[in-house]
Amino acid sequence: DSTQSSITFSIIKKAETVSKDYTITRAEFKSKTVPITKIFQRGNKKVGYILFTSFIEESEKELNSASEYFLGQGITDIVVDLRYNGGGAVYISNYFAAILGGNAVSNKVYGKEIFNSNYSKCNVVDYFFTPQYKLSCDKVVFITTSNTASASELLINSLKPYKSVITVGSRSNGKFVGMYPTNFFGKWVFSINFAECNALNNFGDSEGIVPD
């Protein structure tokens, strides 16, 4: 019931016979999309590590903070952990890609939104944003799993024409498509509208990105 402010669960623990009630009260909760950043020293190189979990509006501020930290530490390479990232807003993917790409992607094509032949007039070429901070990394490594999807895969694909990109882990999800929400008789419909390719017109494999 969407009107309820709380709900009570009766739980019986293993090997016990008496249940105990637990009440959960509704409240607003904001999760961090960048919960972990670390620096690793490898010989004469400093490697940054960032766990990134979702592409939402709040991510821009968190990515700026992480980038400022990495710049202050003088990292030369970066590892981006996308194992748990199922995607989100494409513009945040563009923004993060611009941070990771640095000067190498300035004024370059981030990707293209391609509609079917009936709506080809809607096709759009997207250029990399200008982020608050730019990293100058020699190498970008992405950790992927089958949960790595959509905007996460666009992030990886968009950088491949410009940077040394390596993927490790397992094959990604294979969702190189996006949608615009449409109001349909009072309900919001999220149907697939377009496919997204990079500057080299590579749409990505529908079976997912194969790790290096």
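User: What angle do H1 and H2 pack at, and how far apart are their axes?
Analyst: In this predicted model, H1 and H2 pack with their axes 10 Å apart, at an angle of about 10°.

User: Why give two values for that?
Analyst: Two packed helices are described by the angle between their axes and the distance between the axes.

User: Are H1 and H2 roughly parallel or roughly antiparallel?
Analyst: Roughly parallel. Angles under 35 degrees count as roughly parallel, and the angle for H1 and H2 is about 10°.

User: Which residues meet there?
Analyst: From H1 there are Ser59, Glu60, Leu63, Asn64 and Ser67. From H2 they meet Tyr91, Ile92, Tyr95, Phe96 and Ile99.

User: How many of those are nonpolar, polar or charged?
Analyst: The contact of H1 with H2 has 6 nonpolar, 3 polar and 1 charged residues.

User: Phe96 is on that list. Which ring cluster is Phe96 in?
Analyst: Phe96 is linked by ring pairs with Phe52 and Phe55 into a cluster.

User: In what sense do S3 and S4 pair?
Analyst: Antiparallel, over 7 bridges. S4 covers residues 45-51.

User: Is S8 mostly buried or exposed?
Analyst: Buried: 5 of the 6 residues of S8 are, so S8 is largely enclosed by the rest of the structure.

User: How many bridges join S5 to S8?
Analyst: There are 5, and the two strands run parallel. Ile78 stands opposite Val140 in S8.

User: And S8 to S9?
Analyst: S8 and S9 also run parallel, joined by 6 bridges. Val141 has Ile166 in S9 as its bridge partner.

User: What about the sheet of 4 strands, what is its order?
Analyst: That one goes S7-S6-S13-S10. It is open, with antiparallel pairing. S7 and S10 are the edge strands, and each pairs on one side only.

User: How many bridges do S6 and S13 have?
Analyst: They pair over 3 bridges, in the antiparallel sense. Ile114 is opposite Ala195 in S13.

User: Which strands of this sheet does H2 touch?
Analyst: H2 packs on this sheet by touching S6 and S7. Its direction makes about 160° with that of S6.

User: New topic. How many aromatic pairs are there?
Analyst: The count is 9. One of them is Tyr110 with Phe128, with ring centres 5.6 Å apart and planes at 85°, so the pair is edge-to-face.

User: Where in the chain are Tyr110 and Phe128?
Analyst: Tyr110 is in strand S6, and Phe128 is in the loop between S7 and S8, 18 residues apart.

User: Are those two buried or exposed?
Analyst: Tyr110 is buried, at 2% relative accessible area. Phe128 is buried as well, at 7%.

User: What kind of pair do Phe115 and Tyr180 make?
Analyst: Their planes are at 5° and their centres 6.4 Å apart, so the pair is stacked. Phe115 is in the loop between S6 and S7, while Tyr180 is in the loop between S10 and S11, 65 residues apart.

User: How accessible are they?
Analyst: Phe115 counts as buried at 15%. Tyr180 is partly exposed at 40%.

User: Last one: how many helices and strands does the chain have?
Analyst: The chain has 3 helices and 13 strands. Of its 212 residues, 38% count as buried.

Key. Residues numbered from 1 in each chain as written. Predicted model: local features only at pLDDT ≥ 70, side-chain atom pairs only at ≥ 80, totals over all residues. Heavy atoms only, no water. Pairing = 2+ DSSP bridges. Phe/Tyr/Trp six-rings, centres within 6.5 Å; stacked < 30°, edge-to-face > 60°. Buried < 20%, exposed > 50% of the residue type's maximum accessible area, 1.4 Å probe, protein only. Axes fitted to C-alpha atoms, helices over the stretch in contact; angles between N-to-C directions. Parallel < 35°, antiparallel > 145°, perpendicular 65-115°, else oblique. Contact = heavy atoms within 4.5 Å. Nonpolar A, V, L, I, M, F, W, Y, C, P; charged D, E, K, R; others polar.
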